Amino acid sequence: MTVLIQVQTNPLDMTALMRHASLSEQDFGAQVTFTGWVRQHDYVTPITHLHLEHYPQVTEAEIARIVDTCLHKWPVNEVVVVHRVGKIAVGEAIVFVLTQASHRSDAYAANEYLMDYLKTTAPFWKQECFVDGSTHWVAAKASDVAKALKASHPYEEPAFEFIQVLDIE
């Protein structure tokens with residue numbers, strides 16, 4: 001069982017993250033990745049960048065808790081969650097989630113569960129910054145929250161030992 005959780009200001013290096021996962025000693029038949037990107041056109045006024053804030057250590061602990069819940073729901077043997085904070089420009093990756101399992105259905109379901117959590121209830125605060133200089137704090141969409149709540153279940157004892165890796169400037 002391998003779990004990697006990082007919250008960082010530096011751009012995501014998907015090549016290095018995929019290399020990390022490929023070195024897994026686990027026997028797996030499926031690997032699912034999700035990469036979220038900052039898009040420019042979500043509104044009439046184009047976005048220039050996002051600014052994400054978080055509480056160091058609290059955010060990582062919450063992500064570890066939801067990864068643990070995920071591991072109790074699906075037989076996943078590798079999880080990688082890397083999330084950016086700070087200023088993130090249009091066209092840059094904001095989040096990377098990788099799950100490995102023996103079967104694709106488990107890898108897909110676990111990956112989707114983790115992303116639903118990260119998008120709705122993880123302790124990140126996202127501010128959209130527009131070309132006209134205006135800003136807007138983003139709230140979770142009701143449809144995303146409903147989906148995440150449908151998938152939730154009570155917390156159980158940890159299925160892994162969390163080793164915190166941070167790359168925060």
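These legends describe close-up views of a predicted model.

**View 1. The open sheet has 4 strands.**
The strand order is β1-β4-β6-β2, and the pairing is mixed. β1 (2–8) and β2 (30–37) stand at the edges. Each has a single partner strand, so one side of each is left without a neighbour in the sheet. Neighbouring strands are turned by 5 degrees against each other on average, direction ignored.

**View 2. β1 pairs with β4 in the parallel sense.**
Strand β4 covers residues 76–84. The pairing with β1 runs over 7 bridges. Q8 stands opposite R84 in β4.

**View 3. Helix α2 packs on the sheet.**
α2 spans residues 58–73. This helix touches β1 and β4. The direction of α2 makes about 150 degrees with that of β1.

**View 4. Helix α3 also packs on the sheet.**
α3 touches β2, β4 and β6 (93–101). The direction of α3 makes about 150 degrees with that of β6.

**View 5. α3 has a span close to the expected one.**
The helix covers residues 104–120 and has 17 residues. From its first C-alpha to its last, α3 reaches 24 Å. The expected value, at 1.5 Å a residue, is 24 Å. Buried residues of α3 include D106, A107, A110 and N111. Further along, Y113, L114, M115, D116, Y117, L118 and T120 are buried as well.

I66 and Y117 are 51 residues apart in sequence. In space they are 7.6 Å apart, C-alpha to C-alpha.

**View 6. C70 and C129 are two buried cysteines.**
C70 has a relative accessible area of 0% and is buried. C129 is at 8% relative accessibility and also counts as buried. Both values are under the 20% cut-off, which is why both residues are classed as buried. A disulfide is a covalent bond between the sulfur atoms of two cysteines. A search of the whole structure finds 0 disulfides.

Terms used
Residues are numbered from 1 along each chain as its sequence is written. This is a predicted model: local features need pLDDT of at least 70, side-chain atom pairs count only at pLDDT 80 or more; totals for chains, interfaces and linings use all residues. Side-chain values use heavy atoms; hydrogens and water are left out. Helices (H or I, at least four residues) and strands (E, at least two) are DSSP runs, numbered from the N terminus. The expected span of a helix is 1.5 Å times one less than its number of residues. Buried means under 20% relative accessible area, exposed over 50%, partly exposed in between (1.4 Å probe, protein chains only). Two strands pair if DSSP finds at least two bridges between them. Axes are lines fitted to C-alpha atoms, for helices over the stretch in contact, and angles run from 0 to 180 degrees between N-to-C directions. Contact means heavy atoms within 4.5 Å. A disulfide is a pair of cysteine sulfur atoms within 2.5 Å.
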